[in-house]
Amino acid sequence: MTGFPNGFLWGAASSAYQVEGAALTDGKGPSVQDIKTPPEGTPDFSVCSDHYHRFREDVALFAELGLKAYRFSIAWSRILPTGTGAANPAGVQFYSDLIDACLEHGIEPIVTMYHFDLPAALDATGGWGNPATVDAFEEFARTIFAAYGDRVKHWLTINEQNMMTIHAEFVIGGNLADYPVYQANHHMLLAQAKAMAACHEMLPQALIGPAPNISYTMPLETSPEDVLCAQYANAIRNWLYLDAAVFGRYNTLALDWIRRSGYELTITDEDLAVLAAGKPDFIAFNYYNTETVTYDPAGALVGEDGVIHGPGKVVLNPRFPITDWNWPIDPLGFRTTLQEIHSRYNLPMIVTENGLGAYDKLEEGNVVNDDYRITYLRDHIAAMRQAVDSGVPVFGYNPWSVMDLISTHEGFLKRYGFIYVNRNNDSELDLARYKKKSFFWYRSVIDSNGADLA
Ligand code: BGP
């Protein structure tokens, strides 16, 4: 038993469009998040947690929490309002100030380059379906490497590219009619590879990696059919993204399923050379739960030969407790996922999201007794420690989310933070910050480098 290594990056995470607000302030261009109609009853992104205006106060609170790292994203359209072209000085300055504020408090900034907020101007010209967006991303990448590369060591390319592809309608935004989703995904893979190559060229000391959402997928039954479905589901949901990032090639089973499903996808030799030229230094991933699949005679892709070729259907596994939003809770699956990723790719790893969304209640005296969140995080950190003790080189853990922010579908009804933000879906109230019970618990976890989870 070795425990967490010295210098382990105990952090916490956010994303620009969910936390900052100031969606069209100081020259920021609209992103796809700003032009979509928010789900009924949830606010738009104009204010969020008002982190844009309160980041100094917030970072001071993060320091009090004891954070060693803060994982945040840069809003592409704050830097390049139309996705390409001249940089917006106020936007460049904002992240420079945020990075400096972190460093002044001894908090390492971990930067996600792109988290679901494609500039609306690029969406209007076809978004990721248009290969020109690949060049735009490289231009954006080079701009932020030049601006912040002197102070940022760890870069994450694209948050949850796999979720954007699988749930394109929720996160890409814009007009999805006839969206060439796997071609768009391919363009994102190329953009990522170009960004990784540019990072290594411009910033030899920096480290960069992908940040998909990885859920190890298990069969519901111990039947050969369910096992086959799980194998395909893992390939389609998980390994497609990491195989392309790490090995520069498509996962065979994922490609098989894409082709059999009739999705449009053209891959040129030149593309393969681009993929091969951009390599990650580490793997970042977000983990909330494992997934379970079962063979579905109606829904499964069965060939003319009558043989199942994937991928079955995702079901709720009765084995696991669930959150208020029906997400399974499987801490041991976190260990399995960490170990599986390591055994496949043999790279250092950092967890960039993990957490529990709940209906928190602000009680008398401005306290939030979120014991359920403490239990969730404790069990997951314990499982991560088992993976570390088994030899998995994990170097950081960034729960979602550092403070309350807008949940994509539920607004402020579903909260994840260590810090309560006093607002709700109907009103911004006073946006005051209050430390939840989990704040004090996580601080002692960090103080003990993960030894004390009580
Ligand atoms: C991840 C996203 C985050 C965040 C989180 C929680 O997929 O990267 O942006 O939203 O999920 O999701 P939700 O707020 O929908 O519960």
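In which crossing, left-handed or right-handed, does helix 10 pass helix 13? Point 2 takes this up.

1. **Ground rules.** This is a predicted model, where local features need pLDDT of at least 70 and side-chain atom pairs count only at pLDDT 80 or more, while totals for chains, interfaces and linings use all residues. Residues are numbered from 1 along each chain as its sequence is written, and side-chain values use heavy atoms, with hydrogens and water left out.

2. **The helix pair.** Helix 10 passes helix 13 in a left-handed crossing (the near helix is turned anticlockwise from the far one by less than a right angle). Helix 10 covers residues 181-202 and helix 13 covers residues 269-277. Helices here are DSSP runs of H or I, at least four residues, and strands are runs of E, at least two, numbered from the N terminus. The two helices pack at about 45 degrees, with axes 7 Å apart. Axes are lines fitted to C-alpha atoms over the stretch in contact, and angles run from 0 to 180 degrees between N-to-C directions. The pair is therefore oblique (under 35 degrees is roughly parallel, over 145 roughly antiparallel, 65 to 115 roughly perpendicular, the rest oblique).

3. **Who touches whom.** Helix 10 brings H186, L189, L190, A193, K194 and A197 to the contact (heavy atoms within 4.5 Å). Helix 13 brings D271, V274, L275 and A277. By class, that is seven nonpolar, one polar and two charged residues. Ala, Val, Leu, Ile, Met, Phe, Trp, Tyr, Cys and Pro count as nonpolar, Asp, Glu, Lys and Arg as charged, and the others, Gly among them, as polar.

4. **The largest pocket.** Its volume is about 920 Å³. A pocket is an open set of points on a 1 Å grid over the protein atoms alone, with protein on both sides within 12 Å along at least five of seven lines; lining residues have an atom within 4 Å of a point. The lining has 34 residues, and M163, H167, N213, W327 and H409 lie nearest the centre. The classes are 14 nonpolar, 14 polar and six charged.

5. **Cavities.** There are three of 30 Å³ or more. In a cavity, a 1.4 Å probe fits but cannot get out.

How values were computed
Grid points are joined across faces, edges and corners, and a volume is the space filled by probe spheres set on the points.
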